Amino acid sequence: MEKYNSQNLDALFEGVAQIFAEKKEELCEMDARMGDGDLGLTMEKGYGALPGILRENAVDGDVGMSLMKAGMKMASVVPSTMGTLMSSGIMEGGKALKGQAELGASQMSAYLSAFSQGLQKRGKCQPGDRTILDAIDPAAKRAAAVCDMGADLPQVINAAWEGAKEGVEATKDMVPKFGKAAVHAAKAAGVPDQGAVAGLYMIEGLKRSIDS
Amino acid sequence: MKKIMNAPEAYTDDMLKGIYAAHDGMVKYVNDDLRCYCTAHKKEGKVAIITGGGTGHLPLFLGYVGDGLLDGCGVGGVFQSPSSEQIYNVAKEVEAGAGVLFLYGNYTGDIMNFDMAAEMLDMMDGIETRSIVGADDVLSNANVETRRGVAGIFFMYKCAGAKAAQMGTLDEVLAAAQKAKDNTRTVGFALTPCIIPEVGHSNFTLEENEMAFGMGIHGEPGVWNGPVKTARELAEESVKEILEDMPLDHGEEVCLLINGLGATSQEELYILSGSVTQLLKEKGIRVYRTFVGEYATSMEMAGASISVCRVADDEMKEWINMPVHTPFYTQV
């Protein structure tokens with residue numbers, strides 16, 4: 001699809017819900033080696049609920065407000081740290097789109113940039129700390145670059161996906177600074193960060209929706 | 001585990017039902033959510049002060065909602081943060097045209113959720129908020145920014161609550177809380193652990209004659225575990241830590257808060273209070289007002305904390321002496 005509005009925003013996130021349902025076990029296993037082991041559950045539960053939440057909280061003519069409200073509701077569904085970070089990203093993204101009737105190429109780019117900033121602000125993390133941000137930040141930057149050159153929505157999300165993939169690769173050489181992963185730093189060498197992988201899947205899910 | 005309850009998973013909500021039933025007319029909940037705890041005495045034009053945090057610390061946090069203190073509280077499960085949506089809904093209810101102050105303890109989950117609630121209020125409703133966290137637990141971290149908030153938050157509640165009752169502006173109420181924060185330090189110690197109902201066993205153990213000095217109110221490890229010391233020895237060690245962190249001059253005045261963690265008798269608290277008062281007197285520090293009792297507990301944990309609040313000026317005395325009345329705390 002080329003453009004979304006507050007009435008069909010749920011369709012944009014259906015692909016994300018699908019992909020996390022498929023990748024739940026994989027993410028839990030990755031996380032169990034480094035952390036709590038609940039990453040897959042959080043992503044599946046939160047993003048699984050999001051399309052329904054978006055349907056129930058659609059604000060007519062305002063995709064930003066719709067996302068903001070949905071992010072807030074999602075935070076109650078998944079109150080863990082990762083869930084709160086995801087919700088913060090969605091809310092920050094919504095804030096950036098406040099008052100906009102449609103979500104197209106430039107809005108997607110703005111959404112991803114704001115999502116990335118939301119993660120940094122709420123999680124107090126920086127690029128290079130080996131977190132989900134290391135997938136989302138390059139994704140947002142790549143999306144912004146092609147958007148400036150006049151790309152359409154499928155091209156923007158594809159660029160974001162390419163950026164996220166490269167970002168995930170780069171985390172193999174990064175040293176974890178946060179959470180239990182920091183305690184298991186030695187085990188992290190050569191392995192991609194599970195949070196960044198989850199970030200890649202989030203982008204991949206959006207891409208799946210847009211391309212379908 | 002021996003607890004008076006119906007089911008571990010109903011611990012928080014059953015407690016809340018009991019509170020609303022007992023104190024009908026003073027407090028209420030909104031949004032059909034027991035955990036959105038609000039005063040029933042909203043005052044137009046007053047800055048609304050909202051706190052929040054996990055269950056398991058009564059009278060903290062919700063016990064300070066009432067006349068002359070706070071206006072609302074987001075109630076989390078045992079030792080868990082309330083959700084941003086709950087905080088948001090409380091704020092929407094109690095906001096009275098003068099803005100909202102978020103005043104709570106320095107814990108990661110709480111910070112995330114209060115910050116999110118602040119953004120929602122700003123974006124969706126144009127309601128102005130300010131935030132400040134209690135971070136008085138000296139032994140939790142050398143870095144002031146990352147210290148946990150414990151019983152000393154009482155003085156922040158008292159000062160901010162008084163300034164709001166005097167119809168101060170949002171920034172004035174924030175400044176009152178900041179003044180109390182800057183002048184308050186706490187040291188605590190545990191003698192026995194507590195049990196989270198849904199876990200069913202304590203997450204640490206202490207031998208019969210062992211205590212944990214510097215332990216946090218969720219059982220966060222302290223600075224040493226060792227044989228139980230005398231009240232005088234505990235007073236000396238605690239006051240030493242407090243004064244190293246917040247030096248006081250000869251002749252300065254302080255308020256003293258001797259807080260029980262849940263299972264320690266009032267007799268013991270007064271024994272400790274006597275020792276601390278005597279020690280401060282020997283150091284030439286005047287105790288202006290003493291508070292003894294349970295102000296911030298950790299369910300059935302035994303132990304106590306000592307908070308010292310430097311009385312910075314006459315304005316602060318006025319705030320600390322102002323009468324307040326809530327279902328859990330009355331000061332005349």
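User: Across which strands of chain B does helix α6 (residues 231-245) lie?
Analyst: Helices (H or I, at least four residues) and strands (E, at least two) are DSSP runs numbered from the N terminus. Helix α6 of chain B runs at about 150° to β7(B), with the angle taken from 0 to 180 degrees between N-to-C directions of lines fitted to C-alpha atoms, for helices over the stretch in contact. The strands it lies across in chain B are β7 (184-192), β8 (210-213) and β12.

User: What sort of model is this?
Analyst: Each chain's residues count from 1 as its sequence is written, while chains are lettered from A and ligands numbered from 1 in the order written. Local features need pLDDT of at least 70, side-chain atom pairs count only at pLDDT 80 or more, and totals for chains, interfaces and linings use all residues, as this is a predicted model.

User: What's the strand order in the open sheet of six strands?
Analyst: Pairing here is mixed, and two strands pair if DSSP finds at least two bridges between them. At the edges sit β9 (224-227) and β11 (286-293) of chain B, each pairing on one side only. From one strand to the next, the twist averages 20°. Reading across the sheet in chain B, you get β9-β8-β7-β12-β10-β11.

User: How many bridges join β7(B) to β12(B)?
Analyst: β12 (residues 302-310) of chain B also pairs with β10 (residues 253-260) of chain B, in the antiparallel sense over seven bridges. β7(B) and β12(B) run antiparallel too, and the number of bridges joining them is eight.

User: How many residues of β12(B) are buried?
Analyst: Buried means 20 or more other C-beta atoms within 10 Å of a residue's own, exposed means 12 or fewer, and partly exposed lies in between, with C-beta atoms placed from the backbone. Side chains in a regular strand alternate between the two faces of the sheet. On one side of β12(B), Ala302(B), Ala304(B), Ile306(B), Val308(B) and Arg310(B) are buried, and so are Gly303(B), Ser305(B), Ser307(B) and Cys309(B) on the other. The count of buried residues in β12(B) is nine of nine.

User: Is Leu191(B) buried or partly exposed?
Analyst: Leu191(B) sits in strand β7 of chain B. Not counting residues up to four places away in sequence, it touches Leu206(B), Met211(B), Val228(B), Ala302(B) and Gly303(B), a contact being two C-beta atoms, placed from the backbone, within 7 Å. Because 19 other C-beta atoms lie within 10 Å, Leu191(B) is partly exposed.

User: Stepping back, what percentage of the 332 residues in chain B is buried?
Analyst: Chain B has eight helices and 14 strands, and its C-alpha trace spans about 55 × 50 × 35 Å along its principal axes. Of the contacts in chain B with a separation of 6 or more, 71% join residues 24 or more positions apart. The buried share of the 332 residues is 51%.

User: Which element gives the largest share of the side of chain B that touches chain A?
Analyst: Twelve residues from each of chains B and A take part in the contact. On the chain B side, α2 (84-94) and α3 (108-125) give two or more residues. The largest share, eight residues, comes from α3(B).
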